[in-house]
Structure formats: C-alpha cells, structure tokens
Amino acid sequence: MPSSVLIIDDEESVAWALRKACERQGYRVAVSATAEAGLDLAGQHPPDAVFLDIRLPGMDGLTALGKLRHLAPAAAVVVITAHGNLSTAVKAVEGGAFDYLSKPFDLDQALEAVKRAVGRSVGANGGGPNTPALAVQPDDPDAIVGRSAAIQAVFKRIALVAPSDACVLVTGGSGSGKELVARAIHANSPRRGKPFLPVHVAALNPNLVESELFGHAKGAFTGADRARPGLLTLADGGTVFLDELADIPLPVQAKLLRVLERQEVLPVGGTEAHRVNVRVVSATHADLSAAVAAGTFRHDLFFRLNVYPIPVPALGDRADDIGPLAEHFLRKFAPGSAELPADTLAFLKARSWPGNVRELRNALEHAAIVARGGPLRPEHFPAPMSIPGGAAVGDRLAAVVREWVRDRVDKTGGAEPADLYQGLLNDVEPVLLAEVLRQLDGNRLAATRWLGLARATLRKLMRKYGLADAAGDGTDES
Ligand SMILES: Nc1ncnc2c1ncn2[C@@H]1O[C@H](COP(=O)(O)OP(=O)(O)OP(=O)(O)O)[C@@H](O)[C@H]1O
C-alpha cells in the first residue's frame with residue numbers, strides 16, 4: 001500500500017504544490033486547511049507523514065503537533081513555518097517533530113523531508129518528553145534575533161542538536177553570532193544548570209593554553225606553586241565553548257582529542273588523569289579544512305569536533321534581519337527615543353557589514369549618540385569597518401558583489417533591474433584581464449593559461465574592453 005501523507009496548511013498555493021509533488025511520488029495525499037479538520041482526518045486514517053504549518057486559523061500548529069502525537073503516534077511530522085524563531089524550532093523538536101521546513105522552501109527540500117519521514121522508524125527522532133524546556137526567552141540578552149530564512153535554518157539546527165551531547169562546530173565571519181549560537185545550544189540542553197565556559201583561545205598566551213584547558217599539578221612549571229584545575233575540569237557537567245579553534249597549538253590538539261575520546265583530563269605535569277563530563281562546542285571563522293590540508297590542524301580532531309556543523313550566515317546575506325536587529329539594539333541603547341525612519345533602514349540594508357552583527361550593534365550605538373534623541377539618519381552612522389586581513393579576500397569580494405547588486409537595484413528606482421549578470425561581468429572582466437596581463441608583462445599566451453581561456457576568447461574579450469593595444473606584446477598573436 002502506498003504511504004500516506006497529510007498536508008495541513010491554509011496557504012492554498014503551498015498545499016497545492018505539496019500535494020502535486022507528493023502525488024507524483026506515488027503517495028496517497030489528504031489536505032486540510034485547518035488543524036481541527038486535519039486532526040479529524042488523522043484520527044480516521046492515521047497518516048505515515050504529516051506536513052503541518054505552524055500558523056493556522058483556529059488551533060495553531062504547535063498545539064496540533066501535541067495532539068497529533070496521540071492520535072497518530074507513528075506519523076512523522078514535518079513542521080512548516082514562516083518567520084519562526086528559536087523558540088518555535090525548539091518547541092517543534094520538543095513536540096516530537098521529525099523535521100522542520102522554513103518558508104519559502106523548494107519542493108525538492110520538502111520531498112526530501114517527506115521521503116525521510118515515511119521511511120523512518122517510529123520514535124527515531126530526537127524529540128520527546130525528556131527534551132528540555134525552552135531556555136532562551138525573547139528578552140534574554142542571549143536571544144538570537146532574526147527572521148530571515150537563513151537564520152531560521154540556524155534555529156532549526158540548534159534545536160535539533162541541543163538535546164544531545166554531540167560536538168558542534170559553529171562557523172561564520174567575525175561578529176556573526178557564533179558565541180550566541182553556542183550559548184543557545186547550552187541553554188537548551190540538559191546541561192543548562194551546569195557551567196557554560198567560553199575559552200577564547202586566541203586571547204590566551206600560547207604557552208599557557210595547555211594549563212588553562214587541562215590545569216596543572218603543583219610544581220609543573222616555574223610559578224606553579226599549587227595545583228590548579230583547568231577550564232575543562234571547571235566545566236564538568238556543562239559545556240566548554242572553544243572560540244577560535246584554529247589557534248589551538250598542535251600539541252594541545254592531541255591532548256584535547258584524548259579528552260574527547262576518553263572523557264578524561266591529564267593536568268600539565270600530572271601523572272594521573274581524571275574523568276570529566278563536558279560537551280565541546282567550538283567556533284572558527286577560519287577555513288579549518290584548509291588548516292587540515294596545510295597540516296596545522298589535526299584531521300582526527302577536526303572530524304571529532306565537527307560532528308554537527310552549524311554555519312552562521314553573514315549579516316549581508318540576511319538583510320531581512322537588519323530591521324529586527326536594529327530595533328532590538330535600539331531598545332537597549334536608546335529606549336523609547338531613537339527612531340529609525342524607513343530610508344535609514346533601507347540605507348542600513350544596502351551597506352556592507354564586514355563585522356556582521358557586532359558592527360551593526362556598534363554602528364547603532366554610535367548613531368544613537370550622534371542623533372541625540374532625534375531620528376537616526378544615514379549620516380549619523382560610522383563608515384563600514386575595515387578588517388585588515390580579518391576577512392578573507394573571497395569574503396570581501398562577496399560583500400562587494402552584494403553591494404553592487406543593491407546599488408543597481410536602487411538605481412532602477414523601483415523598476416525591475418535588467419541584465420544584472422552581464423552588467424557584473426562587464427565591470428569585473430576588464431579588471432581581471434588587465435591585472436593578469438599586467439602581472440605577466442602583457443604575455444597573452446601565459447594569460448590564456450592563467451585564465452583558463454582559449455586564445456580566441458581572450459582576444460575577443462580584450463578587443464571588447466579595449467585592452468588589445470594597451471597590453472599587446474606581440475609574443476603570441478598574429
Ligand atoms: N542574531 C543576533 N541577535 C542578537 N544579537 C546578536 C546576534 N548575533 C550577534 N549578536 C550580538 O553581536 C555581538 C557579536 O556576537 P558573537 O560574539 O556571538 O559573535 P562571534 O561570531 O562569536 O564573534 P567572534 O568571531 O568575534 O568571536 C554580540 O554582542 C552578540 O550579542
């Protein structure tokens with residue numbers, strides 16, 4: 001008998017598209033626009049999988065989720081949400097949701113989820129009555145503010161991994177919120193009554209990283225006049241957050257691996273290891289796989305720490321979050337006074353944020369001071385910060401491309417932009433060709449190799465951009 005899918009969503013177009021996609025896969029499909037009707041259907045014919053929207057007229061999806069668990073305990077529920085927050089994601093996982101999709105999603109994603117859902121064994125998901133209650137409230141200083149689809153994907157990953165003991169590697173640019181993510185994992189885990197200890201590896205004296213982490217025995221080195229426990233021991237039962245993972249010296253990496261594999265710590269100069277129970281969440285803005293390839297980071301440790309990756313998107317890639325974040329920070333810096341007019345918000349969305357959310361927060365604090373209680377205007381904001389060597393050149397290029405697109409869109413004055421793709425090439429190609437030719441003293445044959453272009457293509461492009469005369473050296477051209 002074909003597997004059956006129940007779709008509970010009041011958005012007709014979404015329900016229709018899901019139904020068609022599922023029917024094409026050979027599933028039997030029932031649809032309802034309200035939770036109440038959906039529960040009736042589920043009671044009569046318990047489905048194998050359910051798509052359940054959170055925002056519904058009448059009973060909301062999260063309440064319905066609890067009821068579905070009783071009515072159709074074997075059904076795998078894929079929760080769908082638009083503008084969900086961490087609370088929604090955690091509640092969905094707690095309520096036993098099998099998966100979580102944020103709108104807009106593409107149909108392939110949905111089909112992937114439903115395939116896994118109908119194929120799973122009952123009770124295989126991590127949710128259930130033993131998962132902890134939501135620990136981060138919206139007004140909490142550690143609340144992760146945002147409503148973009150990109151940040152909702154982060155909420156989902158936090159919610160799914162929090163109840164376990166798995167090591168998590170949080171990646172993302174400087175100031176993007178990696179430590180907040182680590183705190184949210186701890187706060188929503190069963191370890192939340194125990195310490196959360198952040199270790200900023202880059203800020204530690206390299207000679208002391210080892211004793212900071214593992215502690216030392218009395219007399220281990222000059223000045224060690226008494227034994228001292230390390231951070232891993234102090235965090236026993238809780239979570240250690242290792243920030244700037246790439247900066248951990250190689251010998252310390254070997255020792256850390258031992259802690260993770262055996263759950264025991266050997267203090268510097270000590271002879272006896274003792275057991276600890278810590279969960280490690282780590283973060284990096286560096287490309288750790290490149291560090292592994294270069295031999296500066298142990299691959300076995302990398303795989304051990306990267307059991308569950310959570311990439312935090314750059315602020316420039318989630319401009320929809322800038323409004324809610326700005327309101328959140330202004331409530332702190334200028335409660336009740338500072339106003340953010342629409343054109344200032346548009347300005348904030350269009351500019352680049354190499355320092356991500358931290359830069360936005362600092363810029364708003366600055367602007368609130370300069371505006372002295374009046375509405376915030378673009379001229380009240382400091383220029384985008386430059387991170388010398390901080391952002392990889394690829395990241396800076398990506399930021400510039402984003403700015404270029406926004407600039408083009410703004411310039412159309414509300415009309416639809418045209419030929420963006422060719423426009424960007426027209427701006428970028430001549431710079432690329434001219435720089436390569438300059439570096440090769442105009443040698444076109446070598447330039448075709450560097451660029452990976454056919455000679456005829458290079459010749460055509462040079463003519464197009466008026467580079468032929470300037471760069472010609474006659475070495476290889478007829
Ligand atoms: N989504 C968010 N909502 C609210 N505040 C945020 C958010 N993301 C980041 N912040 C704030 O921005 C600042 C920087 O965040 P955080 O320290 O978590 O970033 P990070 O990626 O760990 O930075 P670094 O790479 O420098 O270690 C903090 O003050 C944090 O509270």
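**Entry 1: the sheet with E7 and E14**

I traced an open sheet of five strands, in the order E7-E10-E13-E6-E14, and found the pairing to be parallel. I keep in mind that this is a predicted model. I then looked for the edges: strand E7 (196-200) and strand E14 (308-311) are the edge strands, and each pairs on one side only. From one strand to the next, the twist averages 20°.

Strand E6 (residues 168-171) and strand E13 (residues 279-284) run parallel and are joined by four bridges. Which residue of E13 stands opposite valine 168? I found valine 281 there.

**Entry 2: the sheet with E2 and E5**

I looked up another open sheet of five strands, with the order E2-E1-E3-E4-E5 and parallel pairing. Strand E2 (28-32) and strand E5 (99-102) each have a single partner strand, so one side of each has no neighbour in the sheet. Ignoring direction, neighbouring strands here are turned by 15° against each other on average.

I checked how strand E1 (residues 4-8) is joined to E2: the two run parallel, with five bridges between them.

Helix H1 (residues 12-24) lies across E1, E2 and strand E3 (49-53), and runs at about 170° to E2.

**Entry 3: two packed helices**

I reminded myself that a pair of packed helices is described by the angle between the axes and the distance between them. For helix H2 (residues 35-44) and helix H3 (residues 61-71), the angle is about 10° and the axes are 10 Å apart. Angles under 35 degrees count as roughly parallel, and H2 and H3 are therefore roughly parallel to each other. On the H2 side I listed Ala35, Gly38, Leu39, Ala42 and Gly43 as making the contact, and on the H3 side Gly61, Ala64, Lys67, Leu68 and Leu71. By class, the residues of this contact are six nonpolar, three polar and one charged.

**Entry 4: around the ligand**

How many residues surround the ligand? I recorded 19, and the closest are Val145, Gly177, Lys178, Glu179 and Val357. I sorted the shell by class and got six nonpolar, eight polar and five charged residues.

Which helices each supply at least two residues of the shell? They are helix H7 (178-187), helix H13 (322-333) and helix H15 (356-371). By domain, at least three residues of the shell come from each of domain 2 (164-311) and domain 3 (315-411).

Note on methods: Residues numbered from 1 in each chain as written. Predicted model: local features only at pLDDT ≥ 70, side-chain atom pairs only at ≥ 80, totals over all residues. Near = placed C-beta within 6 Å. Nonpolar A, V, L, I, M, F, W, Y, C, P; charged D, E, K, R; others polar. Domains from an automatic or database assignment. Axes fitted to C-alpha atoms, helices over the stretch in contact; angles between N-to-C directions. Parallel < 35°, antiparallel > 145°, perpendicular 65-115°, else oblique. Contact = placed C-beta atoms within 7 Å. Pairing = 2+ DSSP bridges.
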